[in-house]
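This briefing presents a predicted model. Please view the sequence and the structure together before reading the points below.

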Amino acid sequence: MFKWYVIQVMSSQEKKVKQGIEEQKEAAGMSPFIDTLLLPTENVSEVKNGVQRIVEKRLWPGYVLIKMDFN
């Protein structure tokens with residue numbers, strides 16, 4: 001049964017952790033047990049020096065969400 005779990009990581013290292021887990025799940029044969037890895041982000045419009053840009057902002061810095069069967 002798949003459940004959601006929260007992994008606490010160092011802030012601003014979320015993408016590296018997600019990439020590492022995705023690489024290791026294939027190598028370790030954990031693919032059937034890990035369903036989804038999620039970084040909670042949103043796109044935010046920001047105005048800086050009169051120029052409008054769209055920036056990806058982390059909703060919960062320092063956390064990665066994982067849906068897996070914990071055995």
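The largest nonpolar core of this predicted model has 8 residues in all: Val9, Ile21, Ile34, Leu37, Leu39, Val64, Ile66 and Met68. Two elements, E2 and E5, each give two or more residues to this core. The most comes from E5, with 3 residues.

**Around the core**

- Isoleucine 34 belongs to the largest nonpolar core.
- Leaving aside residues up to four places away in sequence, isoleucine 34 touches Phe2, Ile21, Lys25, Ile66, Lys67 and Met68.
- Among these contacts, Ile21, Ile66 and Met68 are also members of the core.

**Strand pairing**

- Strand E5 (residues 63-68) runs antiparallel to strand E1 (residues 3-8), and 6 bridges join them.
- Within this pairing, isoleucine 7 stands opposite valine 64 in E5.
- Strand E2 (residues 34-38) also runs antiparallel to E5, to which 4 bridges join it.
- In a regular strand, the side chains alternate between the two faces of the sheet.

**Leucine 38**

- Leucine 38 lies in strand E2, and its bridge partner in E5 is leucine 65.
- These two residues, leucine 38 and leucine 65, are 27 residues apart in sequence, and their C-alpha atoms are 5.0 Å apart in space.
- When residues up to four places away in sequence are not counted, leucine 38 touches Trp4, Val64 and Leu65.
- Is leucine 38 buried, partly exposed or exposed? Leucine 38 counts as partly exposed because its relative accessibility is 36%, and the range for that class lies between 20% and 50%.

**The aromatic pair**

- A search of the whole structure finds 1 aromatic pair.
- The pair is formed by tyrosine 5 and phenylalanine 70; it is tilted, with 5.7 Å from centre to centre and 45° between the planes.
- Tyrosine 5 lies in strand E1 and phenylalanine 70 in the segment after E5, so the pair ties together parts that are 65 residues apart in sequence.
- Tyrosine 5 is partly exposed, with a relative accessible area of 29%, whereas phenylalanine 70 counts as exposed at 61% relative accessibility.

**Positive phi angles**

- Most residues other than glycine have a negative phi.
- Serine 12 is not a glycine, yet it has a positive phi of about 75°.
- Serine 12 is placed in the loop between E1 and helix H1 (14-27).
- Asparagine 49, which is not a glycine either, has a positive phi of about 55°.
- Where does asparagine 49 lie? Asparagine 49 is found in the loop between strand E3 (41-48) and strand E4 (51-58).
- Asparagine 49 counts as exposed because its relative accessibility is 80%, and the cut-off for that class is over 50%.

**The cavity**

- How many cavities of 30 Å³ or more are counted? The count comes to 1.
- The largest cavity has a volume of about 50 Å³.
- Its lining consists of Glu14, Lys15, Leu39, Pro40, Thr41, Arg58, Trp60 and Tyr63.
- Leu39 is listed both in this lining and in the largest nonpolar core.

Note on methods:
Residues are numbered from 1 along each chain as its sequence is written. This is a predicted model: local features need pLDDT of at least 70, side-chain atom pairs count only at pLDDT 80 or more; totals for chains, interfaces and linings use all residues. Side-chain values use heavy atoms; hydrogens and water are left out. Two strands pair if DSSP finds at least two bridges between them. Buried means under 20% relative accessible area, exposed over 50%, partly exposed in between (1.4 Å probe, protein chains only). Rings of Phe, Tyr and Trp (its six-membered ring) pair if their centres lie within 6.5 Å; planes under 30 degrees apart count as stacked, over 60 as edge-to-face and the rest as tilted. A nonpolar core is a set of buried Ala, Val, Leu, Ile, Met, Phe, Trp, Tyr and Cys residues joined through side-chain atoms within 4.5 Å. Contact means heavy atoms within 4.5 Å. On a 1 Å grid over the protein atoms alone, a cavity is a set of points where a 1.4 Å probe fits but cannot get out, and a pocket is an open set with protein on both sides within 12 Å along at least five of seven lines; lining residues have an atom within 4 Å of a point. Grid points are joined across faces, edges and corners, and a volume is the space filled by probe spheres set on the points.
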